[in-house]
Amino acid sequence: MEREQLTVDVLFVGAGPANLAAAYRLAKILEGQNREAEIMIIEKGKQVGDHVLSGAIMDPRGMIDLFGPDWADECPVEAEVSNESVFYLTESKTVTFPVIPPTLRNHGNVIVSLSRVVAWMKEKVEEMGVMVAEAFPGAALLYDGDKVIGVRTQDMGLAKDGQPGPNFQPGTDIHAKITVLGEGSRGSLTKELVARLGLEGRNPQVYGTGCKEIWEIPEGRIEKGEVWHTAGWPLTNDQYGGSWVYALDERRVSVGFVTALDGGDPDLDPWEIFQTWKTHPVIKALLVDGTMVKAGAKTVPEGGYWSRPRSYGDGFLILGDSGSLLNIARLKGIHTAIKSGALAGDVCADALAAEDFSEARLAEYERLFDQSWLKKELWKTRNYRASFKSGFWWGGFTSTLSMFLGGRLFRDPVPLAPDHTHYQKRSWRKEPLVADGTLTFDKVTGVYHAGAVHEEQQPSHLLVADTDICRTRCAEEYGNPCESFCPAAVYEMASDGQGGRQLQINHSNCVHCKTCDIADPYALITWTTPADAGGPQYMGM
Ligand code: SF4
């Protein structure tokens, strides 16, 4: 097959905050030194921001470093945090924390729609001459031995049987001196690269699945910039997770819930937990008679410092969520992603000047990381997530104590295991929540409000290595957790017409959250880029 070939100096895969920051910093340095380079960003969404989802409260530190103190003059900000509360919920009661835990203090931070922020950052990089190619998913890395030399983009217009359809367009081979992966949580190319080169951190990565909605509500219930966080119900003590309410203004709120995927319950359903949480009296009182206008879901890499893969090598760097830089203790990853991007911009500029793209040269990224506030911040909370292995109360106690002791309580990694290894044999199935369509919604309604669209007549981008295991071992041992953990009702054990059940994949519903790639008990599912650049449309969320 004839493929178009393209050569650039630096190729960024994914137009999230990390890569946009890196491209901006690199272009700025080159401009200042009167040098030129071909810089390209490829993005799988149809427009930058469509596949970006976050709560989101942003610590402005990363933006200040990158754009200077006046960054907010142009960048879209919804609100400055005005006041904040942390609640512990039981099924019917609300207990207000008398003191806000240090990691959840948000004075000086801002509430943003991350999709709008990255759309603005895209304009900034384009002004600097960076090429941004939307609807251009990176499907595979190109290698010379173990050196990364670029990316092959997704073949478009494949028919259902995987053969070229009438609108077929072969993917392009983009060769680059440096390939920078900033694909977000559970990036598909990052996953492949980490496994191939053995780049895993001291701990495996662990994840939560975050579900989010934007609501319009009657005025007078919440103040612009007000922030609530809740712990407890509907989760039990042995299940990690929690929620947020962020008031974008007096009439619009962002609400969401993150559920960790290591709970061991095969019936774990992050979407249902989120919907159930909204029925709590304090949340219901906020939302009742309002309208849900947008919805979405995405995984969150929670492992932190010890789950960082080696993030540099011959011809590549790994940034942001893909590099495990989210600070789960603070529920923040935007400023850390931006900072990693700024460091990578410096490293790429130096590497281009030296014409050296080797592992030894790109290891400069790690040296800069070690000297930065980013390392200091992540180091302090390096075992935060692992502390919660023994339950909410013990985790809360030990992680708080450790922070007060400057992170000295557990110096070395407290071991974590991959989420899918925690499942216990199936012994229960709860009554599913029946959505009422006004306060609570079923998954298909969520998919509609995520704007998720994929061409039906293409091969499924969700590859299941052995569907026999689904109807035999998995059905017996765990009751097919994929029907529960996917927040978009993609997986269904449907009738096979002969009295049995077989796996049906409704791939067009997929919101690209990547939960299935993580939580499948037999690690049979691989998320790949679809052949139509489809997916959710989160712009404005
Ligand atoms: Fe998420 Fe996988 Fe479901 Fe897509 S199929 S929405 S990636 S769990």
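Helices (H or I, at least four residues) and strands (E, at least two) are DSSP runs, numbered from the N terminus. The model is predicted: local features need pLDDT of at least 70, side-chain atom pairs count only at pLDDT 80 or more, and totals for chains, interfaces and linings use all residues. Residue numbers start from 1 along each chain as its sequence is written, and side-chain values use heavy atoms, with hydrogens and water left out.

View A. Glu-302 sits in the loop that joins strand E18 (291-301) to strand E19 (312-313). With a relative accessible area of 1%, Glu-302 is buried; buried means under 20% relative accessible area, exposed over 50%, and partly exposed in between (1.4 Å probe, protein chains only). Leaving out residues up to four places away in sequence, Glu-302 touches Gln-205, Val-206, Tyr-207, Gly-208, Tyr-240, Val-258, Ala-260, Ile-328 and Arg-385, where contact means heavy atoms within 4.5 Å. Ser-307 belongs to the loop between E18 and E19 and is buried, at a relative accessible area of 5%. Its contacts, again not counting residues up to four places away in sequence, are Gly-201, Asn-203, Pro-204, Gln-205, Ser-324 and Leu-416.

**View B. Packing of helices H9 and H10.** Helix H9 (residues 364-371) packs against helix H10 (residues 373-380) at an angle of about 70°, and their axes are 4 Å apart. Axes are lines fitted to C-alpha atoms, for helices over the stretch in contact, and angles run from 0 to 180 degrees between N-to-C directions. H9 and H10 are therefore roughly perpendicular to each other; angles under 35 degrees count as roughly parallel, over 145 as roughly antiparallel, 65 to 115 as roughly perpendicular and the rest as oblique. In the contact, Phe-369, Asp-370 and Gln-371 of H9 meet Trp-373, Leu-374, Lys-375 and Leu-378 of H10. The residues of this contact of H9 with H10 comprise four nonpolar, one polar and two charged (Ala, Val, Leu, Ile, Met, Phe, Trp, Tyr, Cys and Pro count as nonpolar, Asp, Glu, Lys and Arg as charged, and the others, Gly among them, as polar). Gln-371 is exposed, with a relative accessible area of 61%.

View C. Helix H12 (residues 392-404) has 13 residues, which at 1.5 Å a residue should span 18 Å, and its end C-alpha atoms are 18 Å apart, in agreement. The expected span is 1.5 Å times one less than the number of residues. Phe-392, Gly-395, Thr-398, Ser-399 and Ser-402 are the buried residues of H12. They cover an arc of only 145° around the axis and so lie on the same side of H12; the arc is that of the directions from the helix axis to the C-beta atoms. The buried residues of H12 pack against strand E5 (84-89), strand E15 (227-232) and helix H11 (384-387). Exposed Trp-393 and Phe-404 are on the face of H12 turned away from its buried side.

**View D. Two cis peptide bonds in loops.** The bond from Gly-55 to Ala-56 is cis, with omega near 0°, and Ala-56 lies in the loop between strand E2 (39-42) and strand E3 (57-58). The bond from Trp-233 to Pro-234 is also cis, with omega near 5°; Pro-234 is in the loop between E15 and strand E16 (241-247).
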